[in-house]
Structures are given as C-alpha cells and as structure tokens.
Amino acid sequence: MKRILMMVLRNLYMVPYGWVRLCYRAAHVDKYSEEDMYAFLRWIDLHANRGGRVHIDAHGRENIPDKDGFVFFPNHQGLYDVLAIIEASPRPFSVVAKKEIAKIPFLKQIFACMKAFMLDREDVRQAMQVIINVTKEVQKGRNYLIFAEGTRSKKGNHVGSFKGGSFKAATKARCPIVPVALIDSFKPFDTNTIKPVTVQVHFLKPLTYEEYKDMKTTEIAALVEERIQRVIDENI
C-alpha cells in the first residue's frame, strides 16, 4: 500500500521509537489504563494521518453519549475505517473485528492495544461467545465499535446490507446505539493513490434502548443503515 509507505517515510524520524512503544504496549496491555492507551493510539494515528496526507473531517461529536457503555455502528468501507474513528472520537472504544485483521502488521498491534475481540465468522460458537463477552464489557461501561455489514462494502460510498445479528450485543446490553457515517474512508488504504484525501466521520444521533426495545434486530439494522446512507448521500 503506497500510502502506508508514505506514512512511514514521512515519519521516519519517529517510526523506530513509536513502533517499539506500540509493540511493547500491545504485549503489556494490562499495564495501562484505557484512557492512557487510547491517548497513545490517537498520538500514533495523528502522526500517521499527517504523514499520509489524510485529513479527518469530524461532525456530530456532540451526539456521542456522555456516559460510557455504548456501541458505534459505522458503515464499513475499508481497512482504514477504525483509524478514522480513532482520530474523530475523543472517547475510548474497542472493536469487534474479523480474525484475519490480526495478521496485518500495525493494525494487529493497534487492535491488541484496544483489547479488541477478533471474530471467527466460520465458528458459530466462537461468534456467540464474542457477543456474550461484548455484552458484559458494555454493561461494565466499555465502548465498542461493530461493523454491521460484516465485511467491506467495496462499493465506495454505497452502504452494504446491515446484518441484524450484529446488533445482538447492543440490544442485550440495552445500551445506546450510535450510527457512524464514513465517507471516502476506502480511499487511504483501499485505493492505489497517495493524493491528499479527506475522510468524513459523522456521528449521528444515538438510538436509546427506549427507542429500539420493541424492535427486532433486523429492523434496527435497516433503520441504522438507512440513516447512515442518507447522511452519506447528503454530504458527497
């Protein structure tokens, strides 16, 4: 990926130091508070974005709940998505991601620092355990990010189908559901260009438990998908 190489080269003076710190923290996550770890990840993210000529245009931060214990549900455009939301969100969060991501250097260390859950989509029992674990974590006050499409849409700014099952952890935890609209997030890592790019991150008004408690997860999925696509269409 040309842009990742550019991120490294334009931050060459700090890459060895930053990489050693990142790897150490990834191997010793329990030594640090979540707030301290997230501040470090944002520091890494900010330098990478500046080096890679990626600008984050964030909207709707006021829609992020004041109380921890919520779940972000963004559309899934590419490998860069989580990095966009890390810079945009002042609040720490963790991630549910497919296990294949754990094989990609840098993202592997980032997700380890976030204590992310890696999902094996071919193992139903393991997937159910991840839902149970995330539910408990959210109830304790941790925030999570879940990609309801399950995989990258590969259609640019056209949202794929949101899966009802992706919302089970949130509904079981009875927590706020925060839709997040990503625009042009596929461009940094999933295209072969190093031109300057602006990625828009829109935090939409959350759905509270009282609003969705009588809805099926498939209905929640359709509603969140529609709201995200509407915001994307209004801003491209």
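**Helix α2: G18, L22, R25 and A26 are buried.** These residues cover an arc of only 100 degrees around the axis, which puts them on the same side of α2. (The arc is taken from the directions that run from the helix axis to the C-beta atoms.) The model is predicted: local features need pLDDT of at least 70, side-chain atom pairs count only at pLDDT 80 or more, and totals for chains, interfaces and linings use all residues. Residues are numbered from 1 along each chain as its sequence is written, and side-chain values use heavy atoms, with hydrogens and water left out. "Buried" means under 20% relative accessible area, "exposed" over 50%, and "partly exposed" in between, with a 1.4 Å probe and protein chains only. Helices (H or I, at least four residues) and strands (E, at least two) are DSSP runs, numbered from the N terminus. The exposed residues P16, Y17, V20 and A27 sit on the face of α2 turned away from its buried side. The buried residues pack against α3 (34-51) and α5 (107-113). (Contact means heavy atoms within 4.5 Å.) Helix α2 has 13 residues, 15-27, and should span 18 Å at 1.5 Å a residue; its end C-alpha atoms are 18 Å apart, which agrees. (The expected span is 1.5 Å times one less than the number of residues.)

**The annotated domain covers residues 70-185.** UniProt, in an unreviewed entry, gives this stretch the feature "domain: Phospholipid/glycerol acyltransferase". Its positions follow the numbering used here, feature names are shortened, and annotations may be inferred rather than shown by experiment. Over residues 70-185 the chain is 32% helix and 19% strand. The end C-alpha atoms of this stretch are 22 Å apart.

**The largest pocket holds about 660 Å³ of space.** A pocket is an open set of points on a 1 Å grid over the protein atoms alone, where a 1.4 Å probe fits, with protein on both sides within 12 Å along at least five of seven lines; lining residues have an atom within 4 Å of a point. Two or more lining residues come from each of α4 (81-88), β3 (94-98), α5, α6 (124-139) and α7 (168-173). Helix α6 gives the most, with six residues.

**Helix α6 has 16 residues.** From its first C-alpha to its last, α6 reaches 23 Å, close to the 22 Å expected at 1.5 Å a residue. V130, I131, V134, T135, E137 and V138 are buried. They cover an arc of only 165 degrees around the axis, which puts them on the same side of α6. R125 and Q139 are exposed, on the face turned away from the buried side. The buried residues of α6 pack against β2 (71-74), and also against β3, β4 (117-119), β5 (144-146) and α7.

R174 lies in the loop between α7 and β6 (177-183). At 55% relative accessibility, R174 counts as exposed. D184 is placed in the loop between β6 and α8 (187-190). At 15% relative accessibility, D184 counts as buried.

**Helix α10 buries I220, A221, V224, I228, Q229, V231 and I232.** Seen down the axis of α10, these residues fall within an arc of 160 degrees, so they line one face of the helix. T218 and E234 are exposed on the other side. The buried residues of α10 pack against β2, α7, β6, β7 (197-203) and α9. The 19 residues of α10 should span 27 Å at 1.5 Å a residue; the end C-alpha atoms are 27 Å apart, which agrees.

**T217 is found in helix α10, whereas M215 is in the loop between α9 (209-212) and α10 (217-235).** At 28% relative accessible area, M215 is partly exposed. M215 touches I220 and L223, with residues up to four places away in sequence not counted. M215 and T171 are 44 residues apart in sequence and 9.7 Å apart in space, C-alpha to C-alpha. T217 also counts as partly exposed, at 22% relative accessibility. T217 is in contact with G164, G165, F167, K168 and T171, leaving aside neighbours within four places in sequence. T217 and K163 are 54 residues apart in sequence, and 8.3 Å apart in space, C-alpha to C-alpha.

Terms used
Grid points are joined across faces, edges and corners, and a volume is the space filled by probe spheres set on the points.
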